[in-house]
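Here are my notes after a pass through the model. Have a look at it first, then read on.

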Amino acid sequence: MIPRVITAAEWQHVEAGIRQRLKALNMFLHDIYHEQAILKDGIVPRDLIATCPHFTREVMGIDVPHQLYVHIAGVDLIRDGNGGFFILEDNLRTPSGVSYMLENREVTKRLFPEMVAESKVQGVSQYPILLYNILLSLTPRPVSKPTIVLLTPGIYNSAYYEHTFLARSMGIELVEGRDLVVDNAKVYMKTIRGLRQVDVIYRRVDDEFLDPLEFRPDSVLGVPGLVTAYRKGNVAIVNAIGNGVADDKAVYAYVPDMIQYYLNEAPILPNVPTYRMENVDERELVFQNMERMVVKKTNESGGYGMIMGDKATSEVLEAAKLDILADPRSYIAQPIIPISTVPCYLDGQLQARHVDLRPYALCGPNGIEIVPGGLTRVALREGSLVVNSSQGGGSKDTWVLGA
Amino acid sequence: MLSRIADSLFWLSRYVERADGLLRMLRVNFITSLDKTSGTDFNWRPVLTIFTTLNNEEIDRIANDANAVLQFMIADPKNENSIRVIVTRARENARGMQDHLTKEAWESINEFYHLVQSMDVAQAIREDRQITVLSDLIHRCAHFIGVLTVTMPRNHGWHFMNMGKYIERTVQTADLLDLKFRDLSYDLNNPADVPYWRNLLLSVAGYELYLKTYRTGVQSHNVIDLLVLNMQFPRSVLYSTSRLYDELDTFKPEIPAAQFSPMEKALGRLKSRVEFSDISSISTMGLPAFLSDIRNDTLRFSNLLSQVFFAYV
């Protein structure tokens with residue numbers, strides 16, 4: 001209920017850092033699915049990519065509109081004890097939570113109307129329109145009113161509410177896989193007046209469920225033949241297929257090197273130090289300091305597959321070590337950072353709770369727009385550092401003050 | 001509009017109409033079952049035969065137990081046609097297309113669903129609150145239909161909802177007539193008087209109109225006239241099929257003739273079958289045959305409708 005406040009100067013720094021990072025990640029994705037120069041130059045180890053389950057051979061060589069892979073990114077940031085911002089994670093596939101950002105603002109406007117105005121809190125409500133314009137710019141057919149749809153896994157998905165919210169606020173059709181059909185490498189949706197060609201798909205279905213002919217054959221959420229239509233350039237898919245190779249938690253460690261390599265710039269926002277378990281020295285270091293480390297599985301999200309070294313019992317830690325030794329590629333470790341707290345009004349009193357920050361960035365042909373604000377995720381349990389909503393986290397509005 | 005959305009709107013509306021009809025019928029029959037003056041126990045067999053899929057033995061087990069019937073027909077999740085199952089289906093349809101309903105319409109059906117899910121019917125029966133429960137549920141239906149009328153845009157979706165409603169209503173009215181005439185062996189010249197028909201007329205909210213319109217003559221002819229042929233009565237077969245015809249007609253400019261014309265012909269046949277009937281023609285061909293023609297025509301039309309508009313796999 002109490003908003004989290006970020007000053008204009010702090011925001012400029014964060015914004016510049018995210019912009020730089022996404023530029024590099026986009027170039028990386030284009031590179032990795034085309035020339036793979038970064039592998040040839042030995043900046044990122046070849047076997048790290050080859051062993052990444054999200055490296056998608058099916059999309060090698062596909063040219064996507066404007067060479068844009070990451071259209072929507074939710075970049076997770078934390079602040080340490082000194083107030084410095086660190087990048088915790090890049091979410092480049094189907095980041096969720098933006099509807100909370102928009103709804104939270106509606107709530108704080110109702111609660112603190114004068115304060116919002118006096119503090120010149122920067123607006124966030126333009127997000128759906130910005131996104132809509134980007135979707136519009138990706139249409140492969142030069143028609144005045146292309147068909148844009150949001151593809152949802154359906155009512156049983158935990159983010160279904162957000163899907164309806166976004167479809168409604170952009171005025172686009174919310175479709176399920178069974179509404180779409182591919183014919184002659186073109187995608188159509190089945191309407192009461194027959195088939196209508198679909199130009200742009202904002203999908204909230206994961207890669208592996210998108211097309212049973214290319215990925216999981218048992219998927220009923222996807223559309224058979226979708227990847228063929230995509231390959232032929234008859235439909236744009238947002239975000240691009242195969243982005244998971246860039247937000248893998250082990251690849252994450254190399255993002256600062258990517259920035260250096262593609263942009264020849266020093267990273268504006270640092271990573272959290274990350275130890276790769278495949279490296280023997282780093283692994284030993286982690287094993288000796290397990291109680292100060294958080295161990296994460298590289299291919300899980302939502303706070304699953306995560307062990308906080310300071311909270312876990314010694315049995316759990318020993319078991320974790322065995323798991324790591326059995327499959328080192330699937331784990332990373334990071335030092336536990338005393339992430340910042342903000343005041344929260346809980347049980348009738350003000351209490352400090354740990355938070356992170358997920359701003360939402362939109363990348364279109366005309367550059368990268370980051371809506372000033374984002375989702376501040378709160379670990380509601382006292383002392384907890386885990387903010388994921390699937391682990392009992394909450395959220396609060398984020399006010400970026402005007403200059 | 002997506003075929004799936006049209007399909008969901010059609011069924012959402014159809015299920016609520018079905019729930020409404022069932023509830024009204026249950027309430028009236030329950031109230032009647034309390035009249036013990038005739039000396040015989042009220043028998044639920046006709047109701048159970050028409051509105052459930054129970055077999056003879058199962059029907060015998062509860063046919064004289066009003067509370068057991070209510071429990072089964074309102075709350076039993078194993079009964080395909082219980083209010084609980086119908087409302088859950090209606091809400092499932094709504095849930096998959098929330099962005100095509102107004103917020104108020106979604107909230108109304110969602111609240112209805114939660115009421116039905118959380119309702120302890122057994123407890124209500126123990127506390128003798130049967131009529132309250134039925135009335136509350138009827139209000140929920142009325143609330144939903146009212147919210148639709150006030151808030152929903154009059155686009156294709158609206159027409160699909162109305163078609164669902166009127167198809168359901170046509171079938172339901174035919175079923176209710178069947179229910180009451182079955183007891184009289186479909187004899188249209190039977191001497192049954194107003195009290196016998198009161199039950200049926202109340203079930204379709206047509207009792208007052210009946211008293212105002214028909215004073216003399218053979219009551220069972222009057223009843224058929226009201227429920228089948230009376231254009232002023234919103235649950236009559238003629239009214240429902242006429243409205244259905246108007247709703248379908250709104251699609252005429254949009255759908256290729258090759259697809260539209262089979263639907264138009266099927267519905268036209270049904271409508272004129274009713275429109276150009278009168279008591280003597282119905283009595284000549286026999287009520288059961290007449291009703292079964294109506295049901296078959298409606299079913300045929302409904303199948304064509306879903307082939308043209310809803311098929312999406």
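Predicted model: local features only at pLDDT ≥ 70, side-chain atom pairs only at ≥ 80, totals over all residues.

1. Chain B has a radius of gyration of 20 Å, and a compact globule of 313 residues would come out near 20 Å, so the two agree. Along the principal axes, its C-alpha atoms fill a box of roughly 60 × 50 × 35 Å.

2. What is chain B built from? The count is 16 helices and zero strands. Of its 313 residues, 45% count as buried. If you take the contacts in chain B with a separation of 6 or more, 73% of them come from residues 24 or more positions apart.

3. Over to chain A, where the domain assignment gives two pieces: domain 1 (4-140 + 235-267 + 343-400) and domain 2 (275-335). Their C-alpha centres lie 24 Å apart.

4. How do the two domains of chain A touch? On one side are 11 residues of domain 1, in contact with nine residues of domain 2. The domain 1 side is made up of five nonpolar, four polar and two charged residues.

5. Chain A also has an open sheet of four strands, in the order β11-β14-β12-β13, with antiparallel pairing. β11 (275-276) and β13 (306-308) of chain A stand at the edges; each has a single partner strand, so one side of each lacks a neighbour in the sheet.

6. One pairing to look at in that sheet: β12 (residues 293-297) of chain A runs antiparallel to β13(A), and three bridges join them. For K296(A), the bridge partner in β13(A) is M306(A).

Definitions and conventions: Residues numbered from 1 in each chain as written. Chains lettered and ligands numbered in written order. Helix = DSSP H or I, 4+ residues; strand = E, 2+ residues; numbered from the N terminus. Rg over C-alpha atoms; globule rule 2.2 N^0.38 Å. Buried ≥ 20, exposed ≤ 12 C-beta atoms within 10 Å, placed from the backbone. Contact = placed C-beta atoms within 7 Å. Domains from an automatic or database assignment. Nonpolar A, V, L, I, M, F, W, Y, C, P; charged D, E, K, R; others polar. Pairing = 2+ DSSP bridges.
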